[in-house]
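Let's take a friendly walk through a protein chain, from its overall shape down to one of its helices. Have the sequence and the 3D view ready as you read.

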Amino acid sequence: MKKFTNTGNKDTRSGFGAGMTQLGKTNPNVVALCADLTGSLKMDEFQANHPERFFQIGIAEANMMGIAAGLTIGGKIPFTGTFANFSTGRVYDQIRQSIAYSGKNVKICASHAGVTLGEDGATHQILEDIGLMKMLPGMTVINTCDYNQTKAATLAIAEHKGPVYLRFGRPSVANFTPEDQTFDIGKAVHLIEGTDVTIVATGHLVWEAILAAETLDKQGISAEVINIHTIKPLDNEAILNSVKKPAALLLLKNTTI
Amino acid sequence: MTDINQLENLVTQVRRDILRQVHKVNSGHPGGSLGCAEFFVALYNVLMEHDTNFNMDGKNEDLFFLSNGHISPVFYSVLARSGYFPVEELNTFRLLNSRLQGHPTTHEGLPGIRVASGSLGQGISVAIGAALAKKLNNDNKIVYTLCGDGELQEGQNWEAIMYAAGNKVDNLIVTIDYNGQQIDGATDTVLPLGNLTAKFESFGWEVLTIKEGNNLEAIIKYNERSQIKNRKRKTHLCVTPHCDGQWR
């Protein structure tokens with residue numbers, strides 16, 4: 001069975017911050033907007049390096065989404081940053097009309113998603129965000145598994161034309177994917193081949209799926225693990241091919257879909 | 001086109017277009033549309049430097065965003081009469097598979113439309129974004145947007161108005177169609193707007209009130225580049241009678 005190594009726990013939001021720092025240097029059209037959570041989103045380095053391309057919007061997320069939509073008119077690639085709750089449910093109509101329905105090239109980047117947010121409680125532990133966003137026309141929805149993959153996804157979505165929802169989180173989680181990976185939007189990653197059960201996991205639960213597969217292996221059960229980092233467009237082929245084998249299917253997710 | 005008689009004739013034609021569009025499908029919003037005919041004719045024929053060979057980015061062009069998307073009949077008429085798309089297409093207003101949906105959209109590819117609108121309160125934010133992009137691109141053209149007065153009941157407007165002042169977005173002109181009417185009646189009875197001039201001024205905006213919102217020369221005079229070259233955020237309260245019309 002293929003082995004994976006955790007190179008040290010890291011927060012996925014810092015992977016986003018590292019990606020933004022790199023994009024700041026390599027893509028002059030990338031601009032960043034934040035609604036009073038610059039440190040929490042790890043956007044401070046981009047802000048320090050490129051103050052002219054960083055827009056502090058204040059606690060006004062609806063306005064942030066509208067401004068981001070407008071910035072695309074003129075060729076900018078806006079990345080908005082706030083918590084997942086305020087990136088989706090609070091501004092659903094603004095995203096629907098001004099971004100998704102209008103086909104604007106806005107990257108909605110959301111931290112502090114799901115129950116793993118922890119101490120902030122239920123008001124902030126949004127589980128509905130992925131479900132909400134995947135229903136919008138033209139919206140790509142990505143939920144990365146670790147620091148390295150979040151950084152790679154941040155770089156990849158800048159090259160993708162169209163609105164994207166990129167979801168990551170605050171807690172430190174296992175970092176096990178390659179440092180300099182290529183992130184293919186919409187293409188699932190087959191991590192472990194198996195025959196008895198298929199575990200399709202997304203976000204930080206991919207690492208838990210690997211640990212589960214190792215435990216099952218010791219019990220003589222062969223588990224396949226698929227990292228489904230892109231929720232929309234979903235890699236149906238990868239999932240359907242896997243469950244063609246005599247396998248049970250298990251979904252691991254930190255969201256309602 | 002600057003001859004005032006020609007422009008007046010165009011205003012009349014635009015009003016005909018509005019009535020024909022709305023009457024044909026027995027739905028739509030003629031009131032605000034009719035009231036803003038002069039504003040749109042002045043904007044697209046005198047004030048804005050724009051290219052009817054439509055390009056979404058609109059670099060080195062003045063841009064316009066319609067926030068109160070329900071007055072699409074006047075917008076569609078003036079876009080067509082300016083040469084953005086064939087005038088005959090006005091006959092498809094609000095029909096299935098038409099590019100001229102009840103509220104403007106971009107996904108049908110109608111030239112002249114840069115963002116979908118209809119759900120109110122979003123236009124000033126989008127206009128600010130476009131104005132910021134112009135600054136980043138060293139493009140010194142102007143971004144215009146039109147809002148309804150009742151629309152100012154939406155809170156997002158005030159987030160945007162606060163942002164523009166706080167961040168010196170000075171290549172932006174917001175015009176308010178100050179007709180005092182909304183679907184359920186007068187704005188004063190539905191939800192009073194209070195002293196709009198004082199509100200905008202307290203947010204750091206300069207307010208010019210055009211008392212004759214149906215007077216072409218007044219609209220042109222207040223919007224001339226010589227008037228706005230000092231580049232301060234401006235709001236125009238454009239007082240227009242809301243012509244009789246029934247939403248269906």
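Predicted model: local features only at pLDDT ≥ 70, side-chain atom pairs only at ≥ 80, totals over all residues.

Chain A is built from 9 helices and 13 strands. How far does the C-alpha trace of chain A span along its principal axes? The answer is about 55 × 35 × 35 Å. The radius of gyration of chain A is 18 Å, and a compact globule with 257 residues would have one near 18 Å, so the two agree.

Now look at how chain A is packed. Of its 257 residues, 59% are buried, where buried means under 20% relative accessible area. Take the contacts between residues at least 6 apart in sequence: 79% of them join residues at least 24 apart.

| Item | Value |
|---|---|
| Positive side chains in chain A | 23 side chains |
| Negative side chains in chain A | 24 side chains |
| Distance between the centres of the two charge sets | 5 Å |

Finally, zoom in on helix α7 of chain A, which covers residues 147–159. From its first C-alpha to its last, this helix of 13 residues reaches 19 Å, close to the 18 Å expected at 1.5 Å a residue. Is α7(A) mostly covered or mostly uncovered? It is mostly covered, with 10 of its 13 residues buried. Among them are A:Y147, A:N148, A:Q149 and A:I157, and the buried set also includes A:A152, A:A153, A:A156 and A:A158.

Key:
Residues numbered from 1 in each chain as written. Chains lettered and ligands numbered in written order. Heavy atoms only, no water. Helix = DSSP H or I, 4+ residues; strand = E, 2+ residues; numbered from the N terminus. Rg over C-alpha atoms; globule rule 2.2 N^0.38 Å. Buried < 20%, exposed > 50% of the residue type's maximum accessible area, 1.4 Å probe, protein only. Contact = heavy atoms within 4.5 Å. Lys, Arg positive; Asp, Glu negative; His and termini not counted. Charge placed at Lys NZ, Arg CZ, Asp CG, Glu CD. Expected span 1.5 Å × (residues − 1).
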